[in-house]
Amino acid sequence: TISNGTVFSTPNDENTAVKGQHRLANEIEHIVQEHLKYVHEDVNHGWDLIHQDGEMKVYRREVEENGIVIDPMKMFHTIKGVTGHEMCRYFYEYQYRMEWETTLDSTKIIEVLDPDTVIFHQMHKRVWPSAQRDNCFWSHIRCIAKSEEDQPIWLVVNHTIPHPLAPIKPPQVRLVANVALICETVINEPPLNPKDIKRENIQCRLTYVAFVNPGGWVPGAALRSVAKREYPRFLKHFSNYVIEQTRDKPILF
Ligand code: 16H
């Protein structure tokens, strides 16, 4: 129990929380719906293609707010041999985080809201000539069924939130972010019996969007060059990680 009377479940509690019934349920619902609304929005107007490598395309829209670069990022990729559920699972689950994240010093779960919603506190590596960044965000995984025939959409949303267990400690600076990973599974030449689907028959179509405010002044040119290098690196590295992890495992639809 925190001093204001709020009771928090911790990662150590037996998880008895009811799905979707917690203090952040409405906020999360709203932000998930926003992401779903814009996921198929085209990137022709105002978006620059800043990186392309095979199926991977990384777009950026140059935006500044009070002199701070807050460029929205939007990227697409197609990954062979994995499902949308697998991509989202490895992105969401705490135990894999440090195996694929290359921009973090640490990650910690500070609250579990339900099995599909946790609050993380993460420390970023110092990558640019300025203060170290940390971030505190809720992370939510969701499966959205479209119809019986279609493969569902899987998504993970990470969104910054203040939390009494993660106070900002200057000179550290808090990142503000709204990030979504949205995935669909495509099955090529589906065999008659769904049980016969092999990894060679599947691929994942991925969309990743990031609205990140560095939370304090950073030299704009440095931030843009870090972003241009690090987002494609993340996408490639994370995709390869999931391919490797799932290669010899049963397919998780
Ligand atoms: O999405 C990525 N990682 C998530 C899991 O660790 C956390 C992320 C996040 C970030 C900040 C606040 C809340 C949630 O969703 C992969 C991120 C890969 C980013 C590399 C590019 C870094 C370029 C500088 C921009 C400022 C860093 C912010 C990271 C998104």
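Helices here are DSSP runs of H or I with at least four residues, strands are E runs of at least two, and both are numbered from the N terminus. The model is predicted, so to speak of local features takes pLDDT of at least 70, side-chain atom pairs count only at pLDDT 80 or more, and totals for chains, interfaces and linings use all residues. Residues are numbered from 1 along each chain as its sequence is written, and side-chain values use heavy atoms, with hydrogens and water left out.

Let's start with the ligand. α4 (220-246) gives the largest share of the shell around the ligand, five residues. That shell holds 21 residues, with Arg97, Glu101, Gln122, Asn158 and Tyr208 coming nearest; being near takes a heavy atom within 4 Å.

Now for the polar contacts (pairs of N or O atoms within 3.5 Å). The side chain of tyrosine 208 has an N or O atom 2.6 Å from a ligand oxygen. For asparagine 158, a polar side-chain atom is 2.9 Å from an oxygen of the ligand, and for glutamine 122 the distance from a side-chain N or O atom to a ligand oxygen is 3.0 Å. On its own the ligand exposes 640 Å², and the protein buries 97% of that (Shrake-Rupley areas, 1.4 Å probe).

What about open space elsewhere? A pocket is an open set of points on a 1 Å grid where a 1.4 Å probe fits, with protein on both sides within 12 Å along at least five of seven lines; lining residues have an atom within 4 Å of a point. The largest pocket has a volume of about 270 Å³. Its lining has 14 residues, and Glu34, His35, Tyr38, Val209 and Phe211 are the closest to its centre. α1 gives the most to that lining, four residues.

Notes. Points joined across faces, edges and corners; volume = space filled by probe spheres on them. Polar contact = N/O pair within 3.5 Å; in protein donor to acceptor, adjacent residues only side chain to side chain.
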